[in-house]
Structure formats: structure tokens, C-alpha cells
Amino acid sequence: MKPVTHPILLSDDPTIDQALRPTVWSEYVGQEKIKKNLKILIEAAQKRNEAADHVLFCGQAGLGKTTLAYLTAKELRSPLKVTSGPALEKMGDLAAILTNLEKGEVLFIDEAHRMNRMIEEVLYPAMESRKLHLIVGKGPSARTLSLDLPPFTLIAATTRENLLSGPLRSRFGATFRLNYYDPEDIKKILRRSAEILKANATEEAVNILAKASRATPRVANRLLKRARDYAEVKGERIIDDKVALKTLELLEIDSLGLEPQDRRLIQIIIQKFNGGPVGVNTLAAALNEDKGVIEDIYEPYLMSLGFILRSAAGRLALPAAYDHLGIKRRGELL
């Protein structure tokens, strides 16, 4: 008999991202405090034979909010129904989902901050008292219909916690904020992903890709896939430091993970506005970029590196940004 071998995952395989996603707690690297609190929440609910409390995950894109939702549902041994804020356009959309929930099921709403306020109003009694209030009919003949919902757990994920209304946030029994990952955790993720992808990566390559990953697992896996592509096209058997560096060069990503738009943002603050302070609206116009993209995508990582500072007067470029881009500060000798 021929030995059974695992198929090599191709870069365009639709299951590749799913394959890289952890399926058990032991495979999920990082966010240790959140995992400990989640385990307590889950075990307590199971001992009481109750539905777990509603959970809100906050944090930048790619940090593992969706993965935690799947793992939580799996630990609860409950089916997971998935939707997103933009998909819930009408109250009827959410009502249809809620009325089809079974006892103990988990409902996951991604990008929850993009739900409109009318949808949120329906969620309040559903989360708090397991009631669904519907208005039947129009005008003088309209009446309110109240339906009982089975015990369920709502898990919501958002990259913009500030856009969620106060009443909705207060109805979550637990709120967890995911932080950027430590370098060692990113390296562990890269080693695991390389093993799944059947990619032979040296420790030097892992270090280079980890440093350029923006402390984010999704970015780390993306860089690893691109490095694997480059190695395969160039006939390289392993992903070494040269392959990793060449991959970053082709993607125009520097050693700290800054992309062209990140560097351009810093350069505009320094060169056009003398290092700041500059308002975000002015910065968005100069960068020809949406204000929300600057606040949600670029600034969090740049602030974590100590490159820019948000102040009441606007954005300031810090000395580390000058040093990284090789730009002399005012008054500094050439």
C-alpha cells in the first residue's frame, strides 16, 4: 500500500486560511489573559448548565477575534451561526436569525459596529431578557408582538468599539480587548503555519518575517505565503533569510512591516508639516486617504512603534520615526 500523505496546500486554495486557523485552545498562541478568562466563563456556564454570557471582542483586524469566537463555540459544544453587521440591513434580518436559534446556540456578529441603530434596538431585549419585540402592521392597527427566545450566547467582534452605542456595550457580560502580539508568539505562529503549508523555513527567515508582520498573525501568515510563492517560483527548496528579504523587497515592506502608505504618512507629517502637530482631516486630504482608514489601519501600529503621537492639537512625528526613515530633525547636524 502507498503511504498516506497530506496534500500540499496551494496558495489559491480557498481552504488555506481556514487550515491555518487554530481549531483547539492549545493551538491558539498569545492573548493568554483573554484565554484564561474565557475558559473560566465557559466552564462556569457548563457547570451551571446555562448559556454562556454574551461576549464582545475588540481589537485591530487580524488579531484573532473570529478565531476566538469559533473556539468559544467549540468549547461550549454549541453550533455557531455567523453573520456580520453590514449583512443585517433590516430588523427582519436579525429577527429571522434570532427566531431560528436553538437552545444553547452561539450567534457570532462580526463587524458589529456597522449595525444600524434600529438593529441594535432589537438586540437590547434579546440579550437582556431573551425577548424579541416586533411591530406588526402599520398605523392605528399596528400592535406589538413579543416572542420568547431560547437561551443563547451572542459573540460580537469589532475593530471600532467607540462606534458601538453605550447601551449595547453594557449588555455584554464580558469585553475582551485583543492586543498586538509579542515577537516570540508571532514566531510560534509562523512555525506552525510553515509546518501546515509544508514550507521549510529557516529560523533566520522566521525572525525576519515576524519582525515585519506588524505584530499581527494574519499579516505574518500572509507574508509567509508570499515567501513560499517566491521560493517556489525561483526554485528555492527552503525559505531562508535571502528569500524572506527579497519577498519583503518585492512587496515594498520594510524591516518593521511599514508599507509605502505608512512611510508616506510619516513623511507628510515631517516634511509638509514640520513634524506636526497636524489634524487628521488635513492629513487625510494630503494623503488622499479616508480619515477612518488613517485612524483604524495606519495609526495604531505606528503609535505602537512610537513613531507618531496623537495629541489634542493633532498628530506629531516622534524621533523614532525620523531615525527609521533617515530624516534629520530640525537643528540636528548633518
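The following dialogue discusses how to read the fold of this predicted model.

Colleague: How many helices and strands does the chain have?

Modeller: The chain of this predicted model contains 14 helices and nine strands. Its C-alpha trace spans about 80 × 70 × 35 Å along the principal axes. Of the 334 residues, 45% are buried.

Colleague: What share of the contacts with a separation of 6 or more joins residues 24 or more positions apart?

Modeller: Such pairs account for 69% of those contacts in the chain.

Colleague: In what order do the strands of the open sheet lie?

Modeller: Five strands form the open sheet, in the order β2-β3-β6-β1-β7, and their pairing is parallel. From one strand to the next, the twist averages 15 degrees.

Colleague: Which strands stand at the edges of the sheet, and why is one side of each left without a neighbour?

Modeller: The edge strands are β2 (80-84) and β7 (174-177); each has a single partner strand, so one side of each has no neighbour in the sheet.

Colleague: How many bridges join β3 and β6?

Modeller: Strand β3 (residues 106-110) pairs with strand β6 (residues 153-158) in the parallel sense over four bridges. For Phe108, the bridge partner in β6 is Ile155.

Colleague: Which helix lies across β1 and β7?

Modeller: Helix α2 (residues 32-47) lies across β1 (55-58) and β7, and runs at about 160 degrees to β7.

Colleague: What describes two packed helices?

Modeller: A packed pair is described by the angle between the axes and the distance between them. In this structure, helix α7 (residues 183-196) packs against helix α9 (residues 217-233) at an angle of about 45 degrees, with the axes 10 Å apart. The two helices α7 and α9 are therefore oblique to each other. The crossing of α7 past α9 is right-handed.

Colleague: Which residues make the contact between α7 and α9?

Modeller: Helix α7 contributes Ile186, Ile189, Leu190, Ser193 and Ala194, while α9 contributes Pro217, Ala220, Asn221 and Leu224. By class, seven of the contact residues are nonpolar, two are polar and none is charged.

Colleague: At what angle do α11 and α13 pack?

Modeller: Helix α11 (residues 260-272) and helix α13 (residues 291-304) pack at about 80 degrees, and their axes lie 11 Å apart. An angle of 65 to 115 degrees counts as roughly perpendicular, and α11 and α13 are therefore described in that way. Gln261, Asp262, Leu265 and Ile266 of α11 meet Ile294, Tyr298 and Leu302 of α13. This contact of α11 with α13 comprises five nonpolar residues, one polar and one charged.

Conventions. Residues numbered from 1 in each chain as written. Predicted model: local features only at pLDDT ≥ 70, side-chain atom pairs only at ≥ 80, totals over all residues. Heavy atoms only, no water. Axes fitted to C-alpha atoms, helices over the stretch in contact; angles between N-to-C directions. Parallel < 35°, antiparallel > 145°, perpendicular 65-115°, else oblique. Left-handed = near helix turned anticlockwise from the far one by under 90°. Contact = heavy atoms within 4.5 Å. Nonpolar A, V, L, I, M, F, W, Y, C, P; charged D, E, K, R; others polar. Pairing = 2+ DSSP bridges. Buried < 20%, exposed > 50% of the residue type's maximum accessible area, 1.4 Å probe, protein only.
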